[in-house]
Amino acid sequence: MSSEDRELRRISVGALARVEGEGAMRVRVHGGKVEEVALDIYEPPRFFEALLRGRSYTEPPDITARICGICPVAYQTSAVHAIEDACGVEVDTSVRALRRLLYCGEWIQSHALHIYLLHAPDFLGYESALELAKVVPDAVQRGLALKKAGNDLMTVVGGRAVHPVNVRVGGFYRAPSRSELEALVEPLQRALEAAEETVRWVGGFTFPDFEHDHEYVALHHERDYPMEAGRMVSDRGLDIGPAEFEDHVEESHVEHSNALHAVLRGRGTYMTGPLARYSLNFDRLSSRAREAAHDAGLGESCRNPFQSIVVRAVETLYAVEEALSIIGSYRPPRPSAHPVAPRAGRGCGWSEAPRGLLYHRYTLADDGTIEDAVIVPPTSQNQRAVEDDLARFVEAHLDLDDQALTWQCEQAIRNYDPCISCATHFLQLDVERRA
Amino acid sequence: MTRVVVAGLGNELRSDDGVGPAVMVRVARSARPGVTVLINAGEPADLLEAWRHADVAIVVDAMDAGLEPGTTRRIEAGAAAGGHVLADGTTLPGSASSHLLPLSNVVELARTLDALPGRLVIFGVQGGAFGYGEGLTPEVERAVERVAAEILEEVGAAFAP
């Protein structure tokens, strides 16, 4: 490399692949120091919050599900929680169990998609799942079978696998029968083995030596691993209910992104998603999931974002077990939905999307018309953490050539399974190096 | 019994990109038992899953091959025909994401995983406009009936004794 090259090096990736949505990244290095890292989210905003205004309080589960084809259940769940909160309705345990079962389906399919088709190629040195499939077809088959188990669960409980239609404020339009769910037991038992094999497989990958220090934020429930319920806690003492979210989380616009950046007021960057969930809720996992995690080299908490793929695999295993457990004790909710009468007020709700905490808040008029809506998706909450990881990762790995650095930067972004479409309301990689 | 899966890919909110779904609406009207009609298939892995149990699969997708709008191309890409979309067996470069995997790459992935139906017929329809908005341009609208008729003929042949 000539001295001129050392002064200014530019790495460029047209658009980030294997992420959901459109974005780019710029890194500027000056004299061995990273001066700027920017995750550019150029996918245009879709103004969902504005189009919810004036709609009926019964509509958010179906409208907001359209924000994402990968995690519609998260949108539906957070939406119904917020509306039920506004209307002063609490659903019973049978509705809650069915919501959790549907959510298990989403975690299984979303995590299987990310682990096998989007993230594993990074660790094994392939450009795509297609190349990966040529080398390890059995692994890709396993991933697709696992994903299908999640899709089938969503189809039976939610009416269809993408943008389920069976979720309503108060519960479900129709509760599946016991026999419909029992038909899922055998495929889920096969999925349980596939999920265990997945944890072993990804546990054997090589992970860059890297740790971060973000404040971990996730839901925490008295009994269950958090999915659809719990309080928002952090590893530094935060412990709040949904109504307090906006007192603690501050969103701001930055010039380079069509997604809002979120920080914890007076505390700064935080991180939500599988690593935070796992580290704050390890003792809520099943013994089988904890053992699999241990055998795959994880401790009770995890601070290496590159190991998020292992945590996702552990969560997938947990979700399959949990689905089997819910089906085992299933009693259809009767009626399938609680009556929910509209009233004027403000309601807040959240749940743990596969990518992290998803918050909704609605203000209703007395006839149930939505006057105001706020949606805070996990990817916008994690943007600052992603940029911080990139800055520190690049600074520690300036010895890598541009190609290797680009590869690992993209991998570092995919650690977060970013859903750019959800966040816009994201990756061209551009590294500029100056001596 | 023969199992046929017919799929129309595309976004009906992006003008002529909606030609696949439009053809499926016509085909669904005349569908017979044993035929599964898919208007989009979620994301690419789901299309693969749908093919896994099919003897014959048919796909309609809009294309931009620089031809006259409404021009159709018919490609045999099943296992029996070698399992390639592009004649030289390459796949299309481009960004793959959770929402987007070029059809040639889906076929290649299916071939690699031994999940390619014996027969796979792909109809490509050259679009004239791919901007925001519903509705097809007149040339592509006319192609819809033509392609639907061809597909129904293929389906009929699949069930012929």
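How many helices and strands make up the secondary structure of chain A? I find 16 helices and 15 strands in chain A. Helices (H or I, at least four residues) and strands (E, at least two) are DSSP runs numbered from the N terminus.

Conventions, noted before going on. This is a predicted model, in which local features need pLDDT of at least 70 and side-chain atom pairs count only at pLDDT 80 or more, while totals for chains, interfaces and linings use all residues. Residues are numbered from 1 along each chain as its sequence is written, chains are lettered from A and ligands numbered from 1 in the order in which they are written, and side-chain values use heavy atoms, with hydrogens and water left out.

Entry: surface of chain A. I looked up burial and found that 62% of the 435 residues of chain A count as buried (under 20% relative accessible area; exposed is over 50%, partly exposed in between; 1.4 Å probe, protein chains only). Chain A exposes about 15800 Å², and carbon and sulfur atoms supply 46% of that area (Shrake-Rupley method, 1.4 Å probe; for residues, only the protein chains shown count as cover).

Entry: helix packing. I took helix α5 (residues 93-124) and helix α13 (residues 308-328), both of chain A, which pack at an angle of about 150° with their axes 8 Å apart. Axes are lines fitted to C-alpha atoms, for helices over the stretch in contact, and angles run from 0 to 180 degrees between N-to-C directions. The angle makes α5(A) roughly antiparallel to α13(A) (over 145 degrees; under 35 is roughly parallel, 65 to 115 roughly perpendicular, the rest oblique). I noted 16 nonpolar, five polar and four charged residues in the contact of α5(A) with α13(A). Here Ala, Val, Leu, Ile, Met, Phe, Trp, Tyr, Cys and Pro count as nonpolar, Asp, Glu, Lys and Arg as charged, and the others, Gly among them, as polar.

Entry: salt bridges. In one of them, Glu228(A) meets Arg96(A) at 2.6 Å, N to O. Glu228(A) lies in the loop between β6 (215-220) and β7 (231-234) of chain A and Arg96(A) in helix α5 of chain A, so the pair ties together parts 132 residues apart in sequence. Glu228(A) is buried at 3% relative accessible area, whereas Arg96(A) is partly exposed at 21%.

In chain B I checked Arg111(B) and Glu108(B), whose side chains meet in a salt bridge at 2.7 Å, N to O. Both lie in helix α3 (residues 103-112) of chain B, three residues apart, about one turn of the helix. Arg111(B) is partly exposed at 35%; Glu108(B) is buried at 4%.

Entry: backbone. Most residues other than glycine have a negative phi, and most peptide bonds are trans. I looked for departures. Arg334(A) and Pro335(A) are joined by a cis peptide bond, with omega about -5°, and Pro335(A) lies in the loop between α13 and β12 (345-353) of chain A.

Is Asp114(B) buried or exposed? Asp114(B) counts as exposed, at 73% relative accessibility. Its phi is positive, about 55°, although it is not a glycine. Ser15(B), also not a glycine, has a positive phi near 50° but is buried at 11%.

Note on methods
A salt bridge is a side-chain nitrogen of Lys or Arg within 4 Å of a carboxyl oxygen of Asp or Glu.
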